[in-house]
Amino acid sequence: MSEKRNPQFLINQIFDKIFEMGKISKEEQEQVNTALNKELIEKPFRVAVIGQSGVGKSTTLNSVFGLKNYTSNLAEGTTEIIEKKFPLRDGFTLSIYDMPGLNNDIEKDEEYEKLYKMILPGCDVIVYIINAHSRDFGEDCRILKEIVLPICNDNKVRENLILAINKIDTIGENIDPNDPELQWDAFENLPTAKLKVAIKEKLGDIVAKLIDENLLGAEETLQQHQVVFYSAVYNYNLQDFIRAIAHAGNRGWIWPATVGFEQAGKWSDAKLLKDE
Amino acid sequence: MPEDYNNLSAKEKIRYRQIQTEHPHWDHKQIMCKLAFDRQSDRIIDGGGNNPNPNDPIILKQILEGAKRWLKQIGNSINEYIDSALRKINNLIKSGIEYIADIFGLLFNF
């Protein structure tokens, strides 16, 4: 009698249930499980993370992907791509491409563009991080419009792209650092009432700008589910981030189907939201 | 007007026209995108944000659809069971349910 395999991931549990309910033959079960093993274990889950200095790449990788003490050590102006592999559990490996963010240096842009063209097409998820109160948002729009989106469209990986708006917790202090009503409520781990209004307004402006720049809501642009807002430092709204990853391209579903939920918020200093 | 406009609530139709006035050069799809984003941000920010939760029907739907595509790729067809679970999930999502305890049991209780 064959030993009952301990289901490793959520997707194994789903298939086991289907096999049971559908009275699927042992041979067919073996076929599916062998192929699934190949898909999950032999192919690392590849994530490219792009963003300018200070947008919170490290905290995002700590918080969303559960990478303990991850530090983005890209030197200023580097054109080096750093790939790091993280064996997580039961043979599943996360591979992170830490991509430099483009800046106003046109010469460097051309080199970065070559790197992006080399790496982005092979990634399961591409996370472009921006700072919610960035003064450089126009520049991010330019980079997305002129470089990132065309590369993604040319290589049919536009659906793998996520625009991640980080640091929403700092929107208030950027308006008035002396107003306590605009500070993040660290005890409840939620925005205050006044900060909620400010966040909605700011996000509305960002989205309007993305639409104006023809980056969102039209053919060959991002769609609404590809834009997420969050605070990596406070683990705020990680669920939507996981939703966006699940929706990404052909293989995004693999993340929540395997280790996605257990990794989110795992090592980050900030506690998850207080449960109701 | 397109069908998705007709399906909007009265309040959303007002908001639609507001957006249209603020951004007269936007087309219907762009306005609906903005509306969807506003709805989403209201839901999240007013609702208290979201901890990661595997009982999320939207994420489970993506998992099942991804698994179905993958199975088709490897030439396997146990998809009728996945389709049955997807029908249940789509009904849950349409009715606005965002969380169900033991969604797994609900979906696979044929």
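## A strand enclosed in chain A

Strand S4(A) is covered on both of its faces: A:Val125, A:Val127, A:Ile129 and A:Asn131 are buried on one side, and A:Ile126, A:Tyr128 and A:Ile130 are buried on the other. The model is a predicted one. Seven of the seven residues of this strand, which spans residues 125–131 of chain A, are buried, so the strand is largely enclosed by the rest of the structure.

S4(A) has two strand partners described here. Strand S1 of chain A, residues 45–51, pairs with S4(A) in the parallel sense over four bridges, and A:Val49 stands opposite A:Val127 of S4(A). Strand S5 of chain A, residues 161–166, also runs parallel to S4(A), and six bridges join the two. In that pairing, A:Ile129 stands opposite A:Ala164 of S5(A).

## The interface of chains A and B

Chain A gives 54 residues to the contact and chain B gives 45 residues. Between them the two chains bury about 4,700 Å², and 67% of this area is on carbon and sulfur atoms. On the side of chain B, B:Phe37, B:Ile45 and B:Trp70 lose the most area to chain A, together accounting for 16% of what that side buries.

Polar pairing also occurs across the interface, where 13 residue pairs are in polar contact, both residues being at pLDDT 80 or more. In chain B, the elements that give two or more residues to the side touching chain A are helix H3 (28–47), helix H4 (57–73) and helix H5 (79–94). H3(B) supplies the largest share of that side, 13 residues. By residue class, the side of chain B that touches chain A divides into 23 nonpolar, 14 polar and eight charged residues.

## Salt bridges between the chains

Side chains of opposite charge can pair when their charged atoms come close. Four salt bridges are found across the interface of chain B and chain A. A:Glu219 and B:Lys29 meet through their side chains in a salt bridge, with an N to O distance of 3.3 Å.

A salt bridge also links A:Lys200 with B:Asp42, whose closest N and O atoms are 3.3 Å apart. A:Lys200 belongs to helix H7 of chain A and B:Asp42 to helix H3 of chain B, so this pair joins two chains. A:Lys200 is partly exposed at a relative accessible area of 25%, and B:Asp42 counts as partly exposed at 33% relative accessibility.

## Salt bridges within each chain

Over all chains, a search of the whole structure finds 22 salt bridges. In chain A, A:Glu213 forms one with A:Lys145, the closest N and O atoms being 3.4 Å apart. A:Glu213 lies in the loop between helix H7 (193–212) and strand S8 (227–229), whereas A:Lys145 lies in helix H5 (residues 137–154) of chain A, so the pair ties together parts that are 68 residues apart in sequence. Both are partly exposed: A:Glu213 has 23% relative accessibility, and A:Lys145 has a relative accessible area of 41%. Chain A also holds a network of salt bridges that links A:Glu39, A:Lys43, A:Asp124 and A:Arg251.

In chain B, B:Glu12 forms a salt bridge with B:Arg39, their closest N and O atoms lying 2.7 Å apart. This pair links distant parts of the chain, with B:Glu12 in helix H2 (residues 10–22) and B:Arg39 in helix H3, 27 residues apart. B:Arg39 counts as partly exposed at 41% relative accessibility.

Conventions: Residues are numbered from 1 along each chain as its sequence is written. Chains are lettered from A and ligands numbered from 1 in the order in which they are written. This is a predicted model: local features need pLDDT of at least 70, side-chain atom pairs count only at pLDDT 80 or more; totals for chains, interfaces and linings use all residues. Side-chain values use heavy atoms; hydrogens and water are left out. Contact means heavy atoms within 4.5 Å. Buried area is the accessible area (1.4 Å probe) that two parts lose on being put together, summed over both. A polar contact is a pair of N or O atoms within 3.5 Å; within protein, one must be able to donate a hydrogen and the other to accept it, and residues adjacent in sequence count only if both atoms are side-chain atoms. Ala, Val, Leu, Ile, Met, Phe, Trp, Tyr, Cys and Pro count as nonpolar, Asp, Glu, Lys and Arg as charged, and the others, Gly among them, as polar. Buried means under 20% relative accessible area, exposed over 50%, partly exposed in between (1.4 Å probe, protein chains only). Two strands pair if DSSP finds at least two bridges between them.
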